[in-house]
Amino acid sequence: MNGVHDMGGMQNMGPIRHEPHEPTFHDRWEGRVYALSRVLRSRSGLWNLDAFRHGIEVLPPVDYLRMSYYERWFAWMLTTVVAAGDVTQTEIDSGTPAAGAPRMAVLVTPEAVSSMVDRRGSARRDVAVAPRFKSGQRVRARNIHPSGHTRLPRYVRAKSGVVILDRGVFLFPDTRAHLRGDKPQHLYSVRFSARELWGEQASRRDFIHLDMWDDYLEPA
Amino acid sequence: MPESQKSVGRRGFLKTAASSAAGIVTGAKPGSGHAAPDQDHQAIPSDLTLRVKALESLLVDKGLVDRVALDRIVDAFETKIGPRNGARVVARAWVDPAYKKRLLTDASTAMEELGFHRHQGEDIVALENTAKIHNLVVCTLCSCYPWPLLGLPPVWYKSAPYRSRAVIDPRGVLKEFGVDVDADLEVRVWDSTAEIRYLVIPERPAGSERLNEEALAALVTRDSMIGTARVRLDVTEVPA
């Protein structure tokens, strides 16, 4: 989706505000939102990481830009707890469980936290899929504009680069975010010269490296 | 507060939150309810504390969420998982060339040698800054970051100014961070578009030859492992 989240190369976003000795969370609610999201995302389905990212991306653009980082997470969480059937909209509106609602099983017990925090499902898959490209090959990023989730930034589309490394087989976010299958395929480190991406204004000595799936590439 | 008022309060806050999530204008008050100065040109509604508390209470009442589990997750990221972890890896790489070699070829396994679990570090790749190459890490699409080694990303890393400019003007960004790079130095920007997470191994500062591994680790800042700073002998990061 050509959304505002796809920011690479945009201008006029203002200065970078570096905060010395920044705390992990600026306010208590940020930590609670982070922890709640980790607990809720411990399940698959609607809560997979790609679906989560897409859920943030589809916030109305004005809200996306206005909201702080964890505020976006909270907005996503509110819609997803209802979509996933964890709570009903009526319960959200009333703030209390519906009368007679069965008590649900706890997702993450306090004892399970350390192993949950220490473990994260990898997107790497040990399956035999033939690579379409090889290291050293010149490739072009496809000029595609998917209306759903994609990890192919706009700034690189239709540009040519070189495959530096085949990183192995990974789940494909474009389908996974929409619960349309894992579509495991090879992921490559692809190197683009800054001049190819940005023209003469860029330094000859600058290079941008992106991780790109087979479906994002074509032979150059 | 009487129980009846409390539930009315919770109802009101969740309603606001749900409306906000649906994209309806809620009349946010800029800046209030937020301890830090405006980081990102963003207005923070003052009632977020209460809205989040309301959702947490509902999920706890439903049985789905255990409050103590939430406390422990917050505590892990506030006290255990942070840039000191990455600094230990960097310092080991500086003093042990064989370790550095393993780190550069298979970082996920090399970090396990120091006792760090795989987490999001499942597919960590280490990048070495040298006199000829300067690496800089960004996630233009969201906020991907090697959190098992660096903790959760700082606000600026997740902000529009950094995400937008790091790929089109990396030298300008570096200059803004006070890092001067010679015109003939190669700058490599790594946009974290997949589940590979990048850790920069900064250059060991000249004059640090006599420091031991622990003293070296104390010099390694979070920013130097993102690529927006060099390691200096005279600056030691205050542990978060």
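Reader: Into which domains is chain A divided?
Author: This is a predicted model, where local features need pLDDT of at least 70, side-chain atom pairs count only at pLDDT 80 or more, and totals for chains, interfaces and linings use all residues. Residues are numbered from 1 along each chain as its sequence is written, with chains lettered from A and ligands numbered from 1 in the order in which they are written. Going by bounds from an automatic or database domain assignment, chain A splits into domain 1 (28–118) and domain 2 (138–219).

Reader: How many residues does each domain of chain A give to the contact?
Author: The C-alpha centres of these two domains of chain A lie 30 Å apart. Counting a contact when C-beta atoms, placed from the backbone, lie within 7 Å, domain 1 of chain A gives six residues and domain 2 of chain A gives five residues.

Reader: And how many residues of chain B are in contact with chain A?
Author: On the chain A side, 82 residues take part. Chain B meets them with 81 residues.

Reader: Which strand of chain A pairs with β3(B)?
Author: Strands here are DSSP E runs of at least two residues, numbered from the N terminus, and two of them pair if DSSP finds at least two bridges between them. A:Asp206 stands opposite B:Val187 in β3(B). The pairing is parallel, over five bridges, and the chain A partner is β4 (residues 206–213).

Reader: Which residues is B:Leu199 in contact with?
Author: Set aside its neighbours within four places in sequence. What remains for B:Leu199 is B:Gly86, B:Ala107, B:Ile124, B:Ala126, B:Pro146, B:Leu149 and B:Met225.

Methods
Two residues are in contact if their C-beta atoms, placed from the backbone, lie within 7 Å. Helices (H or I, at least four residues) and strands (E, at least two) are DSSP runs, numbered from the N terminus.
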